[in-house]
Every structure is written in structure tokens, then in C-alpha cells.
Amino acid sequence: DVCILQIDDPKYEKNRPTGKFVSSTTVKPGDLVFSVGNTAGTSFDMSYGFVTNSALSSDRGLADNQKFAYDQLDFLQATMLLEEGFSGGPIVNTQGDIVGIIQQRGEMEPRCYAIPSNDLVFVMKTVMSGLRPFAEPG
């Protein structure tokens, strides 16, 4: 899930750090990446790993009722040992730029999947324009 917030308070906007989305095509297999999460109620947790696949097909064992929403997306795959609390957090490159948002972690294995920033930016712009990016046909 991704939440889009509009904040109209100029004082708040000036004092809050924000992440910068960069093209997810800038990361390649072997690139070092970092993730930020909130494990077990901690205020901050971090992990790192390497990109293992930068354009993984989304049809990887999803239930039939989930496939339509995801069949238009690719995923980044990285080797990171993540605990609960990282889903929805960013994956950043070594410059601190956001290249994806963690969608799923591997169960008891050092692997995670992230929605690439290019897909995220497309979805956010579409939603902010008032359209539905993955409306079912018919």
C-alpha cells in the first residue's frame, strides 16, 4: 500500500526531509542498496543488500484475484534479510535516492521484492490526476 498525502502547511513542508525518487532503471544486478523500516515498534531500523534482479516479472505465484493489479508491474529483487515492519519502506541507492518501495519480504530467507520507482511514480501521478491506474476492464 502506498499513501499519498498533501500537506498545505508551509512550516511543516520546510522542516521535513523528503526522499527523491530516481529512475529504477539506474539500479542493476550487483548494486548495493539499503532499506529503512520500523521493526517491532522501533523508531528506525536499517538493512542492506544487493540487487539481484532489476526487472522481475510480477507473475510469480500470486493468487488469481491479485494478478490483474500486479500484471502490469515489474519488481526489483534484492538480497536483504528483513523482518516485519519493512514493507512499505523505501529501498535507496548509495546516494540515498529512492529506487523502490518494499512490497514483500522472503520468509526466513534474505530476499525481498520492491515495486520499482518508475512504476510508483506512474501510479502516484495517475492517482493524483483522479484516475484509477489499474481499473479492471469492463
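Predicted model: local features only at pLDDT ≥ 70, side-chain atom pairs only at ≥ 80, totals over all residues.

Biologist: Okay. In the largest nonpolar core, which residues touch the most other members?
Modeller: Val33, Met80, Leu82, Ile91, Val99 and Cys112 do. That core has 14 residues.

Biologist: Which elements give two or more residues to this core?
Modeller: Strand 3 (74-79), strand 5 (98-105) and strand 6 (112-116).

Biologist: And what does the second, separate core include?
Modeller: Phe75, Val92, Ile98 and Ile115 are among its seven residues.

Biologist: Back to valine 99. What does valine 99 touch, not counting residues up to four places away in sequence?
Modeller: The list includes Val22, Leu76, Ile91, Val92 and Ile115. Ser24, Thr26 and Asn93 are also among the contacts of valine 99.

Biologist: New topic. Is serine 47 buried or exposed?
Modeller: Buried. Its relative accessible area is 11%, and buried means under 20%, so serine 47 qualifies.

Biologist: Where does serine 47 lie?
Modeller: In strand 2, residues 45-57. Beyond four places in sequence, serine 47 touches Val33, Phe34, Ser35, Met80, Leu81, Leu82 and Phe86.

Biologist: Phenylalanine 50, then. Why is it called partly exposed?
Modeller: Because its relative accessible area is 39%, which falls between the 20% and 50% cut-offs. Phenylalanine 50 is in strand 2.

Biologist: How many Å apart in space are phenylalanine 50 and methionine 80?
Modeller: 7.3 Å, C-alpha to C-alpha. In sequence, they are 30 residues apart.

Definitions and conventions: Residues numbered from 1 in each chain as written. Heavy atoms only, no water. Helix = DSSP H or I, 4+ residues; strand = E, 2+ residues; numbered from the N terminus. Buried < 20%, exposed > 50% of the residue type's maximum accessible area, 1.4 Å probe, protein only. Contact = heavy atoms within 4.5 Å. Core = buried A, V, L, I, M, F, W, Y, C linked by side-chain atoms within 4.5 Å.
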